[in-house]
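Me: I am new to this structure and would like to learn how to read it step by step. Could you take me through it?

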Amino acid sequence: MSAVVIVGAQWGDEGKGKIVDIFTEHADLVVRYGGGPNAGHTLVVGDQKLVVRLIPSGILREGTRCVLAQGMAIDPASLVGELDELGRRGLLHGAGSLVVSDRAHAILPYHVLVDGLREQTPQALGTTRRGVGPCYEDKAGRRGIPLGALRDMKRTEELVGRALAHWGPVVRALGGTAPSVREVVEPLRPIAERIVPLLADTAKLVERAVRDGKRVLFEGAQGTLLDIDHGTYPFVTSSHATSGGACTGSGVGPSRIDWVVGLVKAYLTRVGGGPFPTELLDATGERLRQRGVEFGSVTGRPRRTGWLDLPALRYAVRVNGLDGLAITKLDVLTGLPELRICVAYDTPHGRVDELPIDDVASARPVYETMPGWTEELGAVRAMKDLPEAACRYVERIEREVGTPAVLVSVGSRRDETIVLKQPFGG
Ligand code: GDP
Ligand code: IMO
Ligand code: MG
């Protein structure tokens, strides 16, 4: 197995950072293929915690090359900030360890401005306000700025002028003041000087690595239900968070992908607006939030919490073609006397076993109850050492969605993990 895709199977924050970091032990290349600084992937090593937004979660492993591919929306200022932070912590491993696609699109201050202003209107979606949506709008509108343009600041100036001609009236209508071309371009110059040396045709590089049999890990951002095509539209992000995005976002054909792993939190969370049928607005929901430390790693917002949704997971298995599940945060369920699990939905057209993505609002979850457990799980390293009820819970998920667990995570640290199958067959 040479090319492995890791994808969020829910509404994001499933623990992709931790699992990508673990799987990177066996990888030569880690490729982020979509999203931008809206992502927040947490890495915990020893008592150190690091949240990466743009930089792949493989960055902690020396000898692994990290790629920011062309499906991404990259804020040059954020990227430089993240590089500085990594540098301060001594985590940058020399020239060539980080490569950035010259076709990834730049998030510039007017994108962030528009995102923030829109969030103050009644149409607010609860975005991360990082300018990701407006940047992808520019890309689709063919007025975006690929990072390669930073090699020629005269060209960048022209492109910024073109973009501002579009955004100026939008900003004014939202009650804001758009920056001038100069106000955008001048602060960008020193940043561009730092980024240009990192730029490359990453599509070629990644495809070549896969073809040469190198072990390549594709790191998804966000999650299936936030995907622009497959998510709970319009309460979605603006990129392709599903596994197909690994191909379009990195320039590798689907026939080259060997294995797709879906990340599944043992319960469910969502940040921002939109439907969430199994949401818990009671003390149990609060307990999950506190025990699971469910506060946004980008915005600090409390995450909404709820019971595991198997119909939504079946949907994720289908649209991503999942081969295996990495089930995270099982330890957070410890101490709940019983667990509810959504097994189907009642809809105006009858009972269905998959989340009715186009009519989530009128679907009512059908629950079954399973026994809980009281033992702490942090020290468990093998399935046989899990309490009986926890084991049943994992097996139930596998059986219901017809996909095996390849990993079970029982804590935020690297070692708090039960690895059942190694990603590259190692
Ligand atoms: P990502 O966006 O999918 O990478 O996930 P986030 O990093 O935003 O959120 C996941 C949070 O859960 C982080 O704080 C992780 O450190 C933490 N985490 C990951 N796996 C586990 C686990 O198995 N148990 C517990 N208790 N925390 C975990
Ligand atoms: P990771 O990679 C959770 C959500 C936002 C909002 C919607 C649109 O850490 O799992 P955007 O800023 O993308 O335009 O916001 O998408 N969202 C995420 N939720 N985890 C993420 O990333 C997210 N990235 C975006 O909260 O509801
Ligand atoms: Mg996150």
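Reply: Let us begin with a single contact in this predicted model, where a polar backbone atom of Gln-222 lies 2.8 Å from an oxygen atom of ligand 2. Of the area that ligand 2 exposes when taken alone, which is 550 Å², the protein buries 97%.

Me: Which side chains place an N or O atom beside an oxygen atom of ligand 2, and at what distance?

Reply: The side chain of Lys-16 brings an N or O atom to 2.7 Å from an oxygen atom of ligand 2, and a polar side-chain atom of His-41 is likewise found 2.7 Å from an oxygen atom of that ligand.

Me: Which residues come nearest to ligand 2, and in which pocket does this ligand sit?

Reply: There are 19 residues around ligand 2, and those that come nearest are Lys-16, His-41, Thr-128, Gln-222 and Thr-237. As for the pocket, ligand 2 sits in the largest one.

Me: Which polar atoms lie beside the oxygen atoms of ligand 1?

Reply: In the side chain of Asp-13, an N or O atom is 2.9 Å from an oxygen atom of ligand 1, and a polar side-chain atom of Ser-297 is also 2.9 Å from an oxygen atom of this ligand. Gly-17 takes part through its backbone, with an N or O atom 2.8 Å from an oxygen atom of ligand 1. On its own, ligand 1 has 580 Å² of accessible area, and the protein covers 92% of it. The space that ligand 1 takes is the second largest pocket.

Me: How many residues of α1 are buried, and which are they?

Reply: An α-helix has 3.6 residues a turn, so residues three or four places apart point the same way. In α1, however, eight of its eight residues are buried, and the helix is mostly covered. These buried residues are Lys-16, Gly-17, Lys-18, Ile-19, Val-20, Asp-21, Ile-22 and Phe-23.

Me: Where does Trp-11 lie, and what is its relative accessible area?

Reply: Trp-11 lies in the loop between β1 (3-8) and α1, and because its relative accessible area is 3%, Trp-11 is buried.

Me: How many disulfides does a search of the whole structure find, and are Cys-342 and Cys-391 buried or exposed?

Reply: The search of the whole structure finds zero disulfides. Cys-342 counts as buried because its relative accessibility is 0%, and Cys-391, at 13% relative accessibility, counts as buried too.

Key: Residues numbered from 1 in each chain as written. Chains lettered and ligands numbered in written order. Predicted model: local features only at pLDDT ≥ 70, side-chain atom pairs only at ≥ 80, totals over all residues. Heavy atoms only, no water. Disulfide = S-S within 2.5 Å. Buried < 20%, exposed > 50% of the residue type's maximum accessible area, 1.4 Å probe, protein only. Polar contact = N/O pair within 3.5 Å; in protein donor to acceptor, adjacent residues only side chain to side chain. Areas by Shrake-Rupley, 256 points an atom, 1.4 Å probe, with all protein chains shown as cover. 1 Å grid on protein atoms, 1.4 Å probe; cavity = no way out; pocket = protein on both sides within 12 Å on 5 of 7 lines; lining within 4 Å. Sits in = over half its atoms within 2 Å of the grid points. Near = heavy atom within 4 Å. Helix = DSSP H or I, 4+ residues; strand = E, 2+ residues; numbered from the N terminus.
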